[in-house]
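This briefing is for a reader who is meeting the structure for the first time. Please look over the sequence and the model before reading the points below.

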Amino acid sequence: MASEESSLRALESLMTEFFHSCTTNERKREIEELLNNFAQQMGAWRHCLYFISNTRNEYVMMYSLTVFENLVNKMWLGVASQDKMEIRSCLPKLLLAQHKAMPFFIRNKLCKVIVDIGRQDWPMFYHDFFTNTLQLIQSPTMASLGLVLLKTTSEELACPREDLSVARKDELRKLLLEQVPTVLGLLTGILETIWDKHSVTAATPPPSPTSGESELLGSLLQGTQYSKLLSQPIPALDNDSEQLCSLALECLAHLFSWIPLSTSITPSLLASIFHFARFGCDLRVKPKAPPSIYSSSSTNGEHAPPTNGGGQPGRKTGGGGGGQVDMSRLGVLAMTCINELVSKNCVPLDFEEYLLRMFQQTFFLLQRLTRENNAHSVKSRLQELEESYVEKFTDFLRLFVSVHLRRIESNAQFPVVEFLALLFKYTFNQATHEGYFACLDIWSIFLDYLTTKIKSRLADRDSVLNRYKDALVLLLREVLNRIQFRYNQAQLEELDDETLDDDQQTEWQRYLRQSLEVVAKVMELLPSHAFTTLFPVFQEDLDVYLGLQQFIVTSGTSRRLNITAENDCRRLHCALRDLSSLLQAVGRLAGYFIGDVFATRFNDALAVVERLVEVTCYGSQISLYDLETAVPSVLKPDLIDVHAQSLAALQAYSHWLAQFYNEVQRQNQSRFISLVTSTMDATAPLITAKVPEKLLLSACHLMVSMATTVRPVFLVTLPAVQNIFNLITESQNRRLPQEAHMLVCRALSNMLLLPWSNLPESEQQWQTRSSSHASLLAALTRHYRLLRDTANQPPRRLGLEDTKAVLHQTLPVLRDIVDSISGESTKSRQICYQSLQESVQVSLGLFPVFIQQLDVTDEMLSFFLTLFQGLRVQMGVPFSGQIIHTFLSMFTREQLAASILQEGSSGCRVVEKFLKILQVVVQEPGQAFKPFLPSVLSLCMEQVYPIVAERSSPDVKAEMFELLYQVLHHNWRYFFKTSVLASVQRGSAEEAMENEAQFSAAMQAFGQSFLQPDIHIFKQNLSYLESLNSKHKLYHRKLFRTSMLFHFINVLLQVLLHKSHDLLQEEIALAVYNMASVDFDAFYSAFMPEFLNGCQAVDANQRAVLGHNFKLERDLPSFTPSVHRLVNDLRYYRLCNSSLPTGTVKL
């Protein structure tokens, strides 16, 4: 006894020293090693039992429990049965005796250790494990402890970790499922008893509902249960009762996460959960002044006691201030339980009625949440509620609409339209932006459901639509109001329009985008109605904008907007912001005027396009972006934004203009010509470096769309377009910003290169357009082609920067021009290459000079990559071969190593671009590029692979393996001469194989990559092997089958065993199946015994069990579980067999 006492004191002092701020890391390591060695001893648990029972030091308690946890989870098989009995007896006694004195986290840890023992020994050796827990739950003084044990049991036994065999996992789940009805009965009893006990004390009658409200969901609330739910006020709970209910609801939430829906979940249990869900939706009145409608009061976490249904005092709340927030926590926990049930998509027939009952009860809660009375608006009600409760309720609504609406909609007992009315109130009274976004998502899901339903039932389309038309009309109007400052200024001004989120959009942009998606979905269902709602609002704000001309005052060279009164400026700011949003809305709807509905909706679309052309011309003519204003920091960006958005909205209608052009091509084109001419007149003046970049880019994009999508024959002859040609080809001094310059060059090039639609080849004027294009590119590359002279001499330091500048300005433009026509007709690509030919040759000549300048090499390779992707046929085989030959000779092993190993990513980028060019080359059909295959394979396997193989970084690897895959896939006959058919007919024995060494090296590289940690490379390469198998029967080839197949299966199984790539479990199991299915007999008779014999740390008996459990299945659904079972059980046996160190360590 004395020695244990002294050991305890020593341990306490060690623990205190370990956690003391002055202890050095070295000393901490010494103590840690000492404690670990002590814990590994077989008899250490006896000391730890004494320590826990006789100390108040929390560190010592935690350490002692960790020793027990380690013993149970890692050494239990080696513990003597007498010791196990003693531990099973002592720990529960300790828990019962001391649980009230222990800190919560110690108590919970002790519960977990006891449950861990149950996980190993129940029911065979620990038969009373579960009955003890059930007895505790039924004992009034011990119920909370029983619930902690029950929740821990559900967590640890229903979904156990990997330290159990599959058979044991299945056994535990089956045992638990047998206990579920009993457990749910006990939990129902606890909730009902507490509710009934405290309900008696509530004397105040409930508030009367406002008129008409009780009828709204009358059909939902039939029968005594619902009327009881309606009439009962919420009871005041004391702290103990609240704690007990919280634990019971937590248990239910976890149980519902894994038990299937069944009649064990009784109506009385559901009713009890809904009773407690009301704790979240009854208002908590603040003790101080009421909050402003726009303040997010739910975030401060302080809540007054719940009042009786909102606004009636007179009842105490148990537990004082501390219990108040916890009362709403009961509501949150109850909603968590409900959401667990609703998230299950698989609903048995006998549970559908319960589901309907659940929805009826939840919509009673929704009715309470959206109820208005004299004291509170709906918005202030929602604002005062616990934020997490509102989030849970929104989650419920989302699950209901996405998972169950299709089930419930046709049920006569569920009035869907009334539900939508409540959802509407709930959505548009949300207290936070996030809450509103979440509700808009629900409406989007509903609109998608409705659209799909209508498409599948075209016959009764109108009856379905008429049922929901009123709801959709209201939704559209309200969403449009919400994006307008005139209706919603206070909230919209709170939105951040500067900080970008992960999707590269600001909070304001996200708000607008999500709102416009809902508007667009309604437009798809009710096109004419949506248009007549939106267009008049748009016209109103447009009139304000078009009326600004009268307020422009010119004095000397300056022009000023003569609106100075603060109120007028604010109103103008709001009108301009709204016009900008509505322009985006009008643009978003462009897709609903084209295709089959072009003719029927022609007049509406024409009205929109004419207005957009008018507003863009107006903006450009009076240059509103150039005005001086009273509040320049606000109004100037507004004016620029409206002008830019009007151009963007007009660009959205380019597909409509293209269809219009096709319709009128052989008729009177005057209206079309007028629209296009005016559009270009509005665009051309903006294409100058003096215009703000936002506006300049919008004009450039519109011009690109006119040239690329609409393609009018007369476009290039318009004076406005001629001016832009002159600007780009003549004035190199006043260059546009790079992005704008690139877009304008693309537009001009496309005007000359792209075929005009609906015209025969003879009317395409190719000769004229070809010479114009050659002149355009000659002007764009004037300075670049002069660099030809530097190709013969090393660049001087002084002229190097100038040369680089010319390269970096010219090559991206040329690359963009090629890229934009790469999918077009042969004639377009021919003309393009003719114009580019000289520049391409200059580039090839410059390449060796700049091989050490990685930024230049990167730019050049990007250009050549685009050329190979778009114009390789036009370049011809000899010249393409010359380019590849130059590259292969420049990228020596030393050059590659220097680039790849260089710090920073530019060197790797250069090598990756080079490999991408080779990928394009090896995919080319025919014999032209076949002579390069040996060099490409040699570069891959002998030069690049040795450098990247051992590097953990994925740089270059992905491109190198893709190149290997493309070589194998597109050049299969380089390795296997015979076709698949011939090899089947003659039998695989005669399979002719060439270049075997290179094929084997490639396969070895793939195999090696599966031993590396990078999951992206692993996934990519596994998919490549599977693809080669499905297209070329890779796994069936004799060489692969006889010398590689088992190695690959072994590597993949080892990866599963080490859990290094767990995210890819399914893909790996599928690959193992595909490899094994080549010859199942050999897999089961040769591979499996060999694999099991090679498994370390398992004995012969365990190997036999593993082999026996791997059933001789030949279909994928049965084979995959066998693989996962093998891996799980092998890992489990190794854990069981891990040996224990000997020796004693004294503290």
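## Largest cavity

Y945, A949, K957, F961, A1005, Q1008, S1009, Q1012, D1014 and I1017 form the lining of the largest cavity. The model is a predicted one.

- The space in the largest cavity comes to about 80 Å³.
- Helix 41 (957-970) and helix 43 (996-1009) each give at least two residues to the lining of the largest cavity.
- Helix 43 has the largest share of that lining, with 3 residues.
- By type, the lining of the largest cavity consists of 5 nonpolar, 3 polar and 2 charged residues.
- In total, the structure has 8 cavities of 30 Å³ or more.

## The chain as a whole

- The protein chain contains 50 helices and 2 strands.
- The protein chain has 1147 residues, and 55% of them count as buried.
- Among contacts in the protein chain with a separation of 6 or more, 76% are between residues 24 or more positions apart.
- The protein chain exposes about 49500 Å², and 52% of this area is supplied by carbon and sulfur atoms.

## Largest pocket

- The largest pocket holds about 950 Å³ of space.
- The lining of this pocket has 34 residues, and A143, S144, D240, L244 and L247 are the closest to the pocket centre.
- At least two lining residues of the largest pocket come from each of helix 6 (104-121), helix 7 (129-138), helix 8 (143-158), helix 9 (166-199) and helix 12 (239-256).
- The lining of the largest pocket is made up of 11 nonpolar, 12 polar and 11 charged residues.

## Largest nonpolar core

- The largest nonpolar core has 401 residues, of which F446, Y545 and W656 touch the most other members.
- Helix 9 provides the largest share of this core, 12 residues.
- Helix 9 is also one of the helices that supply at least two residues to the lining of the largest pocket.
- With neighbours within four places in sequence left aside, the contacts of W656 are F593, I594, F598, F602, A605, L606 and V609.

## Backbone details

- The peptide bond that runs from W122 to P123 is cis, and its omega is near 0°.
- P123 is located in the loop between helix 6 and helix 7.
- Helix 6 and helix 7 are also among the helices that each supply at least two residues to the lining of the largest pocket.
- R711 is not a glycine, yet its phi is positive, at about 55°.
- The loop between helix 29 (693-710) and helix 30 (719-730) is where R711 is found.
- Is R711 buried or exposed? R711 counts as buried because its relative accessible area is 17%, and the cut-off for buried is under 20%.
- A1097 is not a glycine either, and its phi is positive, at about 65°.
- A1097 sits in the loop between helix 48 (1080-1094) and helix 49 (1100-1109).

Technical notes:
Residues numbered from 1 in each chain as written. Predicted model: local features only at pLDDT ≥ 70, side-chain atom pairs only at ≥ 80, totals over all residues. Heavy atoms only, no water. 1 Å grid on protein atoms, 1.4 Å probe; cavity = no way out; pocket = protein on both sides within 12 Å on 5 of 7 lines; lining within 4 Å. Points joined across faces, edges and corners; volume = space filled by probe spheres on them. Helix = DSSP H or I, 4+ residues; strand = E, 2+ residues; numbered from the N terminus. Nonpolar A, V, L, I, M, F, W, Y, C, P; charged D, E, K, R; others polar. Core = buried A, V, L, I, M, F, W, Y, C linked by side-chain atoms within 4.5 Å. Buried < 20%, exposed > 50% of the residue type's maximum accessible area, 1.4 Å probe, protein only. Contact = heavy atoms within 4.5 Å. Areas by Shrake-Rupley, 256 points an atom, 1.4 Å probe, with all protein chains shown as cover.
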